[in-house]
Amino acid sequence: MSTPTTRRAAVAILATTASLWVRAQGSAQLRIGFQKGSFNLALLKSYGLLEQRLPGTKIQWTEFPAGPQLLEALALGSVEFGATGDAPPVFAQAAGKDVVYVGAEPPKPDSSAVLVKPDSPLKTLADLKGRRIALQKGSSAHFLTVRAVKKAGLNWSDIQPVYLPPADARAAFERGSVDAWAVWDPYYAAAEVTGELRALATSRGLTSNNTFYLASRALSRDAALLKTLFNALTDTDTRARADRRDAVQRYADFAGLPLATVYKMVERRGAAPVGPLTTDIVKEQQLVADSFTELGLIPRSIRVADAIATPIKKA
C-alpha cells in the first residue's frame, strides 16, 4: 500500500524522467527567473550562451522584483531555475516550499548597505533605535538589517521595519517617509551616484551577502544540465571581466540604468564564478536561518543542509 511519502517520491522520479526525456527529444523548455541585480544571469541572457549550448531548448526568461517573488514562482512551478540572496531561500524553506539550493557565487559584502539621507542625524547603527527602516521582507536586506540591529546592541523591537519592494522603498526614502533604507545593488549604486544618500553601514563585517542558485526538484537531479548552466554562468563572468565596457553597456541596456551606476556596481562585485556550495557558505546560511528563527521572523527552525541537492565542497 502506498503512502504519501512514497507517492511524492514517485511523482518526483516521474517528473525528473519526463524532463530528461523531453530534452532528449529536443523540445525542452527551461524557464529561468532573475532579478535586476542578477548580473550574471542578465548577461547570460544578453550573450545568448545558453541558447548556443542547449540547442533545441526554448529558454524563457522572467524578471522578478526581488528574491521572495522569484522563489514563490519556483515553488509553484512557474520557473525551474533562478538566483537570490541569502534570506529568500530561508523564508521559503521555513514556509514548507520545495526549493533546492544547487550553487552559489562568492560573497559580495560591499554590494548592499543601510542607507540614510546625506543630512540625516543618524551617525551610527545605534541611532536606528525607534526609526523606520524600509526593506524588502525576506530579502538579503532583511538579514542585513537584522545583523545591523544586533551589532548596534538593539533588539529587533527597537526599530520599525517597513516592508516594501525596492522601487517603493526608494520612493518612501526619497520623500522622507522612512529614516533609512536597506537594499542591494543595483538599487544601492543607483541612489549612490546621484548623491541622495549616505551609507550608514555596508554588509562588510555584518553579512557575506551571498548569491545562491536554486532549482526545481527535477532540475536539481539533472547533473548534466546543472553543469551546463554553471559553466555558462562562469564563462559569462569571465567574459564580462575581460570586456567590462561591453558588459556594462549590455547590463545598462537591460536594467535601464545610467552607465555610471553600472560601473559603480561592477567595481565592487569581484569575480563571480558559479559552483557548488562550500561548507563555509552552508555554515553562513545556517546562521541566517538561525537568526530569523531566534527573532520569530520565520515560523519554524530549519536545517539548511536539508534543502541542498548537490555535493557540498570543503571550503
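The model is a predicted one, so local features need a pLDDT of at least 70, side-chain atom pairs count only at pLDDT 80 or more, and totals for chains, interfaces and linings use all residues. Residues are numbered from 1 along each chain as its sequence is written, and side-chain values use heavy atoms, with hydrogens and water left out.

Helices (H or I, at least four residues) and strands (E, at least two) are DSSP runs, numbered from the N terminus. Two strands are taken as paired if DSSP finds at least two bridges between them. In general, the strands of a sheet pair through backbone hydrogen bonds, either parallel or antiparallel.

Strand β1 (residues 29-35) runs parallel to β2, and seven bridges join the two. Within this pair, Arg31 stands opposite Gln60 in β2.

The other open sheet also has five strands and mixed pairing, this time in the order β7-β6-β8-β5-β9. Its edge strands are β7 and β9 (198-202), each pairing on one side only. On average, neighbouring strands of this sheet are turned by 30 degrees against each other, direction ignored. Strand β6 (residues 132-135) has parallel partners in this sheet: four bridges join it to β7 (residues 160-163), and two bridges join it to β8 (residues 180-184). Ile133 faces both ways, standing opposite Pro161 in β7 and opposite Ala180 in β8. Leu135, for its part, stands opposite Tyr163 in β7.

Helices come into the picture here too. Together, β6, helix α6 (residues 140-151) and β7 make a right-handed β-α-β unit; right-handed means that, with the strands pointing away from the viewer, the path from the first strand over the helix to the second runs clockwise. Helix α6 lies across β5 (112-116), β6, β7, β8 and β9, and runs at about 130 degrees to β8. Helix α7 (residues 166-174) lies across β5, β6 and β8, at about 150 degrees to β8.

On a 1 Å grid over the protein atoms alone, a cavity is a set of points where a 1.4 Å probe fits but cannot get out, while a pocket is an open set with protein on both sides within 12 Å along at least five of seven lines; lining residues have an atom within 4 Å of a point. Grid points are joined across faces, edges and corners, and a volume is the space filled by probe spheres set on the points.

The count comes to one cavity of 30 Å³ or more. The largest cavity holds about 360 Å³ of space. It is lined by 26 residues, and Gly37, Gly85, Trp184, Asp185 and Thr211 lie nearest its centre. The elements giving two or more residues to this lining are α2 (39-47), α4 (67-76) and β3 (81-84), and α2 gives the most, with three residues. By class, the lining has nine nonpolar, 13 polar and four charged residues; Ala, Val, Leu, Ile, Met, Phe, Trp, Tyr, Cys and Pro count as nonpolar, Asp, Glu, Lys and Arg as charged, and the others, Gly among them, as polar.

The second largest pocket has a volume of about 160 Å³. Its lining divides into three nonpolar, two polar and six charged residues, including Lys97, Asp98, Arg217, Arg300, Arg303 and Asp306.

Finally, two spots in the backbone. The peptide bond from Asp185 to Pro186 is cis, with omega near 10 degrees, and Pro186 lies in the loop between β8 and α8 (187-193). Asn209, in the loop between β9 and β10, has a phi near 55 degrees, a positive value in a residue other than glycine.

Definitions and conventions: Axes are lines fitted to C-alpha atoms, for helices over the stretch in contact, and angles run from 0 to 180 degrees between N-to-C directions. Contact means heavy atoms within 4.5 Å.
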